[in-house]
Amino acid sequence: MSYVDEVIERVVKENPAQPEFHQAVKEVLESLRVVIEANEEMYRKEAILERLTNPERQFIFRVPWVDDKGNVQVNTGYRVQFNSAIGPYKGGLRLHPSVNIGIIKFLGFEQIFKNSLTGLPMGGGKGGSDFDPKGKSDREIMAFCQSFMTELCKHIGADTDVPAGDIGTGAREIGYMFGQYKRIRGVFEGVLTGKGLSYGGSLARTQATGYGLLYLTEEMLKCNGKDIKGKICAVSGSGNVATYAIEKAIQLGAKPVTCSDSTGWVYDPDGIDVAALKEIKEVKRARLTEYKNYRPNSEYHEGKGVWSVKCDIALPCATQNELDIEDAKQLVANGCMCVAEGANMPTTLEATKYIQDNGLLFSPGKASNAGGVATSGLEMSQNSERLSWTFEEVDEKLHGIMVNIFHSMDDAAKKYGMEGNYVAGANIAGFEKVVDAMLAQGVC
């Protein structure tokens with residue numbers, strides 16, 4: 001049995017009931033097979049893959065808090081510090097009822113390669129809780145965040161582990177967590193990113209993941225002889241990533257016509273109205289059922305269906321495994337030419353293979369979704385220097401990072417005879433840097 005197959009088998013056996021983690025490991029190691037087999041003797045001797053697929057540390061802890069009725073509620077908190085070979089652990093905190101250790105491990109594993117691709121000195125980590133912020137008062141969210149940080153603060157620091165936001169964790173939650181960290185530890189340091197602008201946050205951080213997705217997509221199209229201008233985009237999601245992907249797509253001359261949330265989706269043939277979307281989601285925190293009040297010509301549909309719309313570019317920006325094989329077949333049948341992931345692993349393995357086999361351009365999330373963590377890295381730099389850069393400065397650096405990420409994965413794919421396979425290219429480019437650092441630092 002090959003080294004790759006041995007490690008995949010071991011991961012599945014030693015991490016039962018964690019399908020998302022199994023999926024992430026299989027996807028990465030399968031695409032790295034050509035590199036690993038070329039160095040199999042050394043990698044096996046150094047147990048590189050075993051060390052890469054086993055987190056350096058995992059924390060699971062109880063999070064008790066008091067709701068507005070005076071009742072004690074209990075959630076579970078997680079932090080997985082996966083790999084620190086190239087820098088302090090870096091990765092978001094997800095607050096969602098679906099969160100479990102397997103999902104956190106899948107996200108942390110992906111983060112290793114995503115952070116490596118940015119070119120910034122950041123290792124991979126991830127955390128969160130099964131707490132659901134939806135329907136909670138500000139006081140309840142503060143109570144949860146303070147309790148969560150009371151335990152988490154023992155394990156993080158500006159040069160150790162720097163969490164950020166993710167699904168369910170926005171500026172409000174980061175603020176409450178930062179306040180509690182400062183209160184307990186007695187230091188004001190860049191321990192969290194995604195902070196408010198008045199206390200160390202970075203301009204352009206809110207827009208970064210969505211903007212970065214479009215910067216990479218534009219470069220990928222350009223290098224394949226295509227132009228983003230005039231292209232119809234189908235976008236899923238309506239959070240930060242989707243909203244600012246839509247905004248940047250419009251700025252680049254494309255026409256995004258869909259968005260979605262957990263209950264349904266919108267089709268607007270005239271192009272999504274970003275101002276209306278922001279009003280509904282960022283101000284009112286309401287459902288997309290309200291979108292038709294702003295745009296009478298639009299359509300609202302319950303459930304799932306974004307990928308049924310005829311489009312040139314598909315941008316899945318919601319959550320993992322949202323685009324399955326049937327969706328992929330529909331996109332291909334409708335003449336879609338490009339899929340770029342804005343979320344973490346939003347396309348199933350089967351769907352990804354079908355998309356690639358049918359000749360569509362495909363960018364994996366660890367590359368096209370990296371704008372958020374890249375700008376978090378820029379926020380860390382600003383905090384360390386006690387400086388604040390302008391929006392234009394940050395946006396320019398973000399654009400440069402995303403263009404470089406595309407060329408890194410393009411070059412890596414070509415180097416190993418897999419031109420156009422950007423999944424393999426992204427994994428190889430991220431992997432080689434991390435492994436070089438691991439080997440240089442000895443067995444640790």
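Predicted model: local features only at pLDDT ≥ 70, side-chain atom pairs only at ≥ 80, totals over all residues.
Trainee: How many nonpolar, polar and charged residues does the lining of the largest cavity have?

Mentor: Sorted by class, there are five nonpolar, three polar and four charged residues. The space inside the largest cavity comes to about 110 Å³, and searching the whole structure gives one cavity of 30 Å³ or more.

Trainee: What about the second largest pocket, and which residues lie nearest its centre?

Mentor: Met-380, Ser-381, Gln-382, Asn-383 and Ser-384 lie nearest the centre, out of 23 lining residues. This pocket holds about 410 Å³ of space, and its lining has nine nonpolar, 10 polar and four charged residues.

Trainee: Turning to packing, which residues have the most contacts inside the largest nonpolar core?

Mentor: Good one to look at on screen! The core has 98 residues, and those with the most contacts inside it are Leu-29, Ile-36, Leu-49, Phe-109, Leu-315 and Phe-431. Helix α18 (residues 422-440) supplies the largest share of this core, 10 residues. A second, separate core has 22 residues, among them Leu-95, Ala-143, Phe-148 and Ile-156.

Trainee: Which residues is Phe-109 in contact with, leaving aside neighbours within four places in sequence?

Mentor: Phe-109 touches Phe-21, Ala-24, Val-25, Val-28, Leu-52, Thr-53 and Phe-82.

Technical notes. Residues numbered from 1 in each chain as written. Heavy atoms only, no water. 1 Å grid on protein atoms, 1.4 Å probe; cavity = no way out; pocket = protein on both sides within 12 Å on 5 of 7 lines; lining within 4 Å. Points joined across faces, edges and corners; volume = space filled by probe spheres on them. Nonpolar A, V, L, I, M, F, W, Y, C, P; charged D, E, K, R; others polar. Core = buried A, V, L, I, M, F, W, Y, C linked by side-chain atoms within 4.5 Å. Buried < 20%, exposed > 50% of the residue type's maximum accessible area, 1.4 Å probe, protein only. Helix = DSSP H or I, 4+ residues; strand = E, 2+ residues; numbered from the N terminus. Contact = heavy atoms within 4.5 Å.
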